[in-house]
Amino acid sequence: MSKAATVSTMSSYAILGCGSVGHAVAEELADEGKNVLILDRDESRVEALRDQDLNARQTDIRDDEVADLVADREVLLILASDVEANKAAVSTIRERGGDQFIIVRASDPVSEDELTEAGADVVINPSQVIAESALRALETGELEYKAQQLADLLRTGGEGGLAILTHDNPDPDSIASAVALQAIAEAHDVDADILYHGDIGHQENRAFVNLLGIELLPLTEVASLDDYGLVALVDHMKSGDIGLETGVDVFIDHYEPESDYDADFMDVRPNVSSTSTILTKYIQEFNLSPDEAVATALLYGIRAETLDFKRDTTPADLTAAAYLYPFANHDTLEQVESPSMSPETLDVLAEAIQNRQVQGSHLVSNAGFIRDRDALAQAAQHLLNLEGITTTAVFGIADDTIYLAARSKDIRINIGNVLEDAYGGIGETGGHSTQGSVEIPLGLFTGIEASEDNRDTLLSLAEEAVRKKLFDAMGVESASESGNGS
């Protein structure tokens with residue numbers, strides 16, 4: 001029998017060892033009209049099974065004859081509580097040339113390994129199955145409780161509306177999460193505004209917002225956050241002090257907050273890879289059918305945060321994406337992911353290519369004075385495609401600040417930690433294993449006050465110091481003779 005066949009297409013089964021687990025499986029298969037043979041050494045149990053019109057036979061599954069008895073069966077479920085008997089049965093069947101699909105019961109990780117080595121196709125550890133079932137039940141119950149808690153908060157405190165704050169210079173995950181929370185609030189008759197600080201500079205992010213018609217308000221245009229009934233932070237990351245006198249009411253993120261927010265409602269899940277995944281679970285729990293814009297935003301948020309499911313993706317991210325897929329507009333997604341490159345981004349990329357310095361598989365480059373700092377991240381991502389390069393960092397100067405964006409596909413390093421080691425004492429750093437960013441006050445870094453007259457001097461000092469600190473943190477030597485990496 002081909003091992004590629006699925007259980008649903010197989011028609012003949014044998015259950016070896018029919019305790020309570022085997023009995024439950026036998027009844028379920030019989031109810032589905034499957035042809036089931038049951039082998040068990042307990043005579044009274046076999047008689048009881050026959051009284052239920054089940055095909056049962058008394059035999060010890062350790063005996064050599066068991067291989068002949070099940071030779072015409074396609075699927076074997078070896079489910080005795082005696083694991084040694086299960087091992088003997090698997091070994092006997094495989095040694096006699098049996099190629100059936102075998103599912104067998106273990107008792108612990110050691111017996112799991114032994115049964116796999118003996119030839120079992122699937123090994124089940126009841127303790128592990130129970131634990132996983134309990135955790136799923138816990139997750140379901142916790143989500144139900146959290147959803148009710150959020151609904152109660154919106155109902156009792158949302159009269160003045162809800163202010164939803166993204167992190168500074170918001171990315172797709174932060175924007176999508178805010179859009180989903182806005183939809184949840186409106187489903188509970190609460191008006192909600194999405195507020196942000198900084199810029200939406202990345203061309204994909206601008207396309208994302210424009211194509212989906214997402215309304216975002218600059219935080220500077222809001223007189224006071226205290227005018228709202230509730231304030232929520234979603235995917236807020238390292239955005240620092242937001243100037244609230246009354247505090248935060250709702251905090252949802254997939255990273256632990258750096259500040260201690262005493263929020264009435266908090267849901268922080270480091271075990272998922274995007275805040276969009278968390279908000280998708282709430283959309284499901286509230287039984288809301290997401291409209292096209294919300295579903296498309298959330299799906300893009302998950303895809304962007306996981307690099308199209310290639311970075312730190314969890315089962316929860318995948319199931320959330322699968323749920324959203326039928327509701328999303330995939331033509332819009334394609335447009336978002338393939339925007340035209342702006343002249344500023346092209347200029348930054350050209351500078352970064354020209355000024356690159358390579359040490360081993362690490363590349364650091366200076367893009368000079370820039371207008372669009374989001375172009376640095378795009379340049380770092382493009383340069384990561386160069387042959388032999390696993391880590392890139394591109395920096396530039398804007399508004400008396402040095403901005404740096406880094407990307408890495410080297411599984412041996414965490415680029416977020418590297419940036420913290422290099423610049424944590426002099427600037428603001430953020431990131432994780434595959435990407436990160438840094439902001440450093442220019443005067444603090446160079447010791448010289450910025451002015452038009454000393455731009456070239458500042459750039460030269462910044463270039464030397466940034467490269468040296470980063471290469472040192474990476475554990476490689478900076479060498480001027482490596483030039484542009486040729």
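## The big picture

Keep in mind that this is a predicted model. The protein has 486 residues, and 49% of them count as buried. Its secondary structure comes to 17 helices and 18 strands.

## The main core

The largest nonpolar core holds 52 residues, and Leu150, Leu162, Phe208 and Tyr282 are the ones with the most contacts inside it. Helix α7, which covers residues 172-187, gives the most to this core: eight residues.

Let's zoom in on Tyr282. Leaving aside residues up to four places away in sequence, Tyr282 touches Leu143, Lys146, Ala147, Leu150, Ile184, Phe265, Asp267 and Arg269. One of those partners, Leu150, is also on the list of residues with the most contacts inside the core.

Two packed helices are described by the angle between their axes and the distance between the axes.

First up is α7 with helix α10 (residues 292-305): their axes come within 8 Å and cross at roughly 150 degrees. Angles over 145 degrees count as roughly antiparallel, so that is the label for α7 and α10. The crossing is left-handed.

On the α7 side, the residues that meet α10 are Pro172, Asp173, Ala176, Ser177, Val179, Ala180 and Ala183; α10 brings Val294, Ala297, Leu298, Tyr300, Gly301, Ala304 and Glu305. Sorted by class, this contact has 10 nonpolar, two polar and two charged residues.

## Helices α9 and α11

Next, helix α9 (residues 275-285) meets α11, with axes that come within 9 Å and cross at roughly 55 degrees. That angle makes α9 oblique to α11, and their crossing is left-handed.

Thr277, Thr280, Lys281, Ile283 and Gln284 of α9 face Ala316, Asp317, Thr319, Ala320, Tyr323 and Leu324 of α11 in this contact. The class count here is five nonpolar, four polar and two charged residues.

## A closer look at Ala321

What does Ala321 touch? Not counting residues up to four places away in sequence, its contacts are Leu299, Ile302 and Phe309.

## Helices α13 and α14

The last pair is helix α13 (residues 343-354) and helix α14 (residues 374-383), which pack at an angle of about 50 degrees with their axes 9 Å apart. They are therefore oblique to each other, and this crossing is right-handed.

The contact uses Thr345, Val348, Leu349, Ala352 and Ile353 from α13, along with Ala375, Leu376, Gln378, Ala379, His382 and Leu383 from α14. By class, that gives eight nonpolar, three polar and no charged residues.

Helix α14 is largely enclosed by the rest of the structure, because eight of its 10 residues are buried. Those buried residues are Asp374, Ala375, Leu376, Ala377, Gln378, Ala379, Ala380 and Leu383.

How values were computed. Residues numbered from 1 in each chain as written. Predicted model: local features only at pLDDT ≥ 70, side-chain atom pairs only at ≥ 80, totals over all residues. Heavy atoms only, no water. Core = buried A, V, L, I, M, F, W, Y, C linked by side-chain atoms within 4.5 Å. Buried < 20%, exposed > 50% of the residue type's maximum accessible area, 1.4 Å probe, protein only. Helix = DSSP H or I, 4+ residues; strand = E, 2+ residues; numbered from the N terminus. Contact = heavy atoms within 4.5 Å. Axes fitted to C-alpha atoms, helices over the stretch in contact; angles between N-to-C directions. Parallel < 35°, antiparallel > 145°, perpendicular 65-115°, else oblique. Left-handed = near helix turned anticlockwise from the far one by under 90°. Nonpolar A, V, L, I, M, F, W, Y, C, P; charged D, E, K, R; others polar.
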